[in-house]
Amino acid sequence: MNLLIFKAGEYPQGSWPIDRVKKFVAAYDPVNNIEAPGVVGHMDNGLVERQENELAHAWVKSLTMTEDGQVYAELPNEDVSPQLRQWLTDHNLRYVSIEIGEYDKQTPPQAPYLLRVAFLGRTIPAVPTTRIPTIFAKFLRVVGFGKGEQAETDTGVPIARFCRKIDQAVIEELTAVKPAP
């Protein structure tokens, strides 16, 4: 599954010009660095430790970018868990949010890096425009922007979150593909 996760632009979390997004895409290296998991929800409360919070439901194999700055994550269909597949096809999860480690803000030669792709259901995106009326969808293809504030890791690296509605074509693709045994 190729999932549109981000687009260059101006957001409440900061400026993401095409050059910065190119560095973000080029830096993603799941073989020699961290492989970004596909998870359900954001783990905002460190006091709540549950097994489900540790499970990955997919893995990001690669990132690609179009000329206009749209970023797609490749999550191989065979790596998508049966649970995630079902939740998406049943529309229990409607949004996708990404977390980006903004390492370039801490150490400028480094690039921003994809930390995780979170699928959201009951979590309401912090920016209300992330859910738009269908009549406007064709005019506003980049749906969301994520949280207005930025979190920091225990290392002090700022993490930016961005959210958008999951495209119906992705859900139809998942319905057509049989999960691996």
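Predicted model: local features only at pLDDT ≥ 70, side-chain atom pairs only at ≥ 80, totals over all residues.
The side chain of K105 meets that of E102 in a salt bridge, with 3.7 Å from N to O. E102, by contrast, is buried, since its relative accessible area is 0% and the cut-off for buried is under 20%.

K105 and E102 also belong to a network of salt bridges that links them with R20 and D104. A search of the whole structure finds six salt bridges.

## E99 and its two arginine partners

E99 takes part in a salt bridge with R116, where the side chains meet at 2.2 Å from N to O. This pair links distant parts of the chain: R116 is in strand β9 and E99 in strand β8, 17 residues apart. R116 counts as partly exposed because its relative accessibility is 29%, which is between the cut-offs of 20% and 50%. E99 counts as buried, at 2% relative accessibility.

E99 forms a salt bridge with R161 as well, and the closest N and O atoms of that pair are 3.2 Å apart. R161 lies in strand β11 and E99 in strand β8, so this bridge ties together parts that are 62 residues apart in sequence. Both R161 and E99 are buried.

## Helix α1

R20, a member of the salt-bridge network with E102, D104 and K105, is one of the buried residues of α1; the others listed there are V21, F24 and V25. These residues are on the same side of α1 because they cover an arc of only 135 degrees around the axis. The face turned away from the buried side of α1 carries D19, K23 and A26, which are exposed.

## The nonpolar cores

In soluble globular proteins, nonpolar side chains tend to be buried together. In this model, the largest nonpolar core has 37 residues. Those with the most contacts inside this core are L3, F6, V60, L63, L114 and F119. Two or more residues of the core come from each of these elements: the strands β1 (2-7), β7 (70-74), β8 (95-101), β9 (113-120) and β11 (158-165), and the helices α1 (18-27), α2 (82-89) and α5 (168-176). The largest share, five residues, is given by β9.

What does L63 touch, not counting residues up to four places away in sequence? The contacts of L63 are I5, F24, V25, Y28, V71, Y72, A73 and L114. Of these, F24 and V25 are among the buried residues of α1.

## Helix α5

Three residues named as buried in α5 are V170, I171 and L174. They lie on the same side of α5 because the arc they cover around the axis is only 100 degrees. The buried residues of this helix pack against β1 and α2. On the face of α5 turned away from its buried side are the exposed residues T175 and A176.

The N-terminal end of α5 is capped by D167. A side-chain oxygen of D167 lies 3.2 Å from the backbone nitrogen of A169.

## E74 in strand β7

E74 has its place in strand β7. Is E74 buried or partly exposed? E74 is partly exposed, because its relative accessible area is 27% and the cut-off for buried is under 20%.

Not counting residues up to four places away in sequence, E74 touches M1, N2, W59, V60, K61 and S62. One of these, V60, is among the residues with the most contacts inside the largest nonpolar core. Another, W59, is 15 residues from E74 along the chain, and the C-alpha atoms of the two are separated by 8.4 Å.

## The chain as a whole

The protein chain has five helices and eleven strands. Of its 181 residues, 40% are buried. Among contacts between residues at least 6 apart in sequence, 64% join residues at least 24 apart. The chain exposes about 10,100 Å², and carbon and sulfur atoms supply 53% of that area.

Note on methods: Residues numbered from 1 in each chain as written. Heavy atoms only, no water. Core = buried A, V, L, I, M, F, W, Y, C linked by side-chain atoms within 4.5 Å. Buried < 20%, exposed > 50% of the residue type's maximum accessible area, 1.4 Å probe, protein only. Helix = DSSP H or I, 4+ residues; strand = E, 2+ residues; numbered from the N terminus. Contact = heavy atoms within 4.5 Å. Arc of directions from axis to C-beta. Polar contact = N/O pair within 3.5 Å; in protein donor to acceptor, adjacent residues only side chain to side chain. Areas by Shrake-Rupley, 256 points an atom, 1.4 Å probe, with all protein chains shown as cover. Salt bridge = Lys/Arg side-chain N within 4 Å of Asp/Glu carboxyl O.
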